[in-house]
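Visitor: I am new to reading protein structures. Could you walk me through one, feature by feature?

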Amino acid sequence: MGETGKRTRRHDNDNKNQKRRTERGEQGDAELVVYRILCPANVIGSVIGKSGKNINSIRQNTGSKVKVVDPFPGAKDRVILIYCYVKNKEDLEVDGEFNDSKPLCAAQNALLKMHETISNCVASFRESDSKHKEREVCQLLVPTSQSSNVIGKSGVIIKKLRSVTGANIKVTAKNASDPNHSCALEFDNFVLKECLI
């Protein structure tokens, strides 16, 4: 018998290729929404949870993708990548209270849950180490091209965010000489939100 002309499949890459096809199928005409939140390296194990329990729970409850990026040399923080594809994106005006607002997409929902998880883990660590001040910190990595969306023209948006939330919010550029900034890409800024608790 001769060959039938069918290609043989390599089974070792089938799962990887299937996953890529699924993600491409999900995106279609949708827009990719990505958040990168920083987590102190000393609590990353608690944030991930035993056998990935906490991260998997956030993935399942929100329907977004969550990935802990490999550590960067010298950085005291780990990057947690959160993303999803959004077909119908809504714009949000910065006014009024944010407490009643529901997340705009799965990735934003996951970001809020991840922030809560990180805060809880840091608070537990703080209880065992009394040297830490009673403050809550959240750091995000934001591309420089998107930082204007946080700051606004003449600082209008960031001032409004500070006023409404009561938190100290600032945007700083990556400092290449600071080893703690090694987790940021060349085009990144750090957005820091800090408040007393």
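Visitor: How many bridges join strand 4 to strand 6?

Guide: In general, strands of a sheet pair through backbone hydrogen bonds, either parallel or antiparallel. Here 9 bridges join strand 4 to strand 6, and the two run antiparallel. Two strands count as paired if DSSP finds at least two bridges between them. Strands (E, at least two residues) and helices (H or I, at least four residues) are DSSP runs, numbered from the N terminus. As an example of facing residues, Leu140 stands opposite Val191 in strand 6.

Guide: A word on the source: this is a predicted model, where local features need pLDDT of at least 70, side-chain atom pairs count only at pLDDT 80 or more, and totals for chains, interfaces and linings use all residues. Residues are numbered from 1 along each chain as its sequence is written, and side-chain values use heavy atoms, with hydrogens and water left out.

Visitor: In what order do the 6 strands form the sheet?

Guide: The order is 2-3-1-4-6-5, in an open sheet with antiparallel pairing. Strand 2 (65–68) and strand 5 stand at the edges with a single partner strand each, so one side of each has no neighbour in the sheet. From one strand to the next, the twist averages 25°. Helix 5 (residues 144–151) packs on this sheet and touches strand 4, strand 5 and strand 6. Its direction makes about 130° with that of strand 4. Contact means heavy atoms within 4.5 Å; axes are lines fitted to C-alpha atoms, for helices over the stretch in contact, and angles run from 0 to 180 degrees between N-to-C directions.

Visitor: How many salt bridges does the structure hold?

Guide: Side chains of opposite charge can pair when their charged atoms come close. A salt bridge is a side-chain nitrogen of Lys or Arg within 4 Å of a carboxyl oxygen of Asp or Glu. The structure holds 4. One of them joins Glu136 and Lys193 at 3.1 Å, N to O. This pair links distant parts of the chain, 57 residues apart: Glu136 is in strand 4 (residues 135–143) and Lys193 in strand 6 (residues 188–196). Another joins Lys174 and Glu186 at 3.7 Å. Both lie in the loop between strand 5 (168–173) and strand 6, so the pair ties together parts 12 residues apart in sequence.

Visitor: Is Glu186 buried or exposed?

Guide: Glu186 is exposed, at 72% relative accessible area, while Lys174 is partly exposed at 23%.

Visitor: Which phi value does Ser51 have?

Guide: Most residues other than glycine have a negative phi, and most peptide bonds are trans. Ser51, however, has a positive phi near 55°. Ser51 sits in the loop between helix 2 (44–48) and helix 3 (53–62), and is exposed at 71%. Ser154 also has a positive phi, about 60°, without being a glycine. Ser154 lies in the loop between helix 5 and helix 6 (156–165).

Technical notes. Buried means under 20% relative accessible area, exposed over 50%, partly exposed in between (1.4 Å probe, protein chains only).
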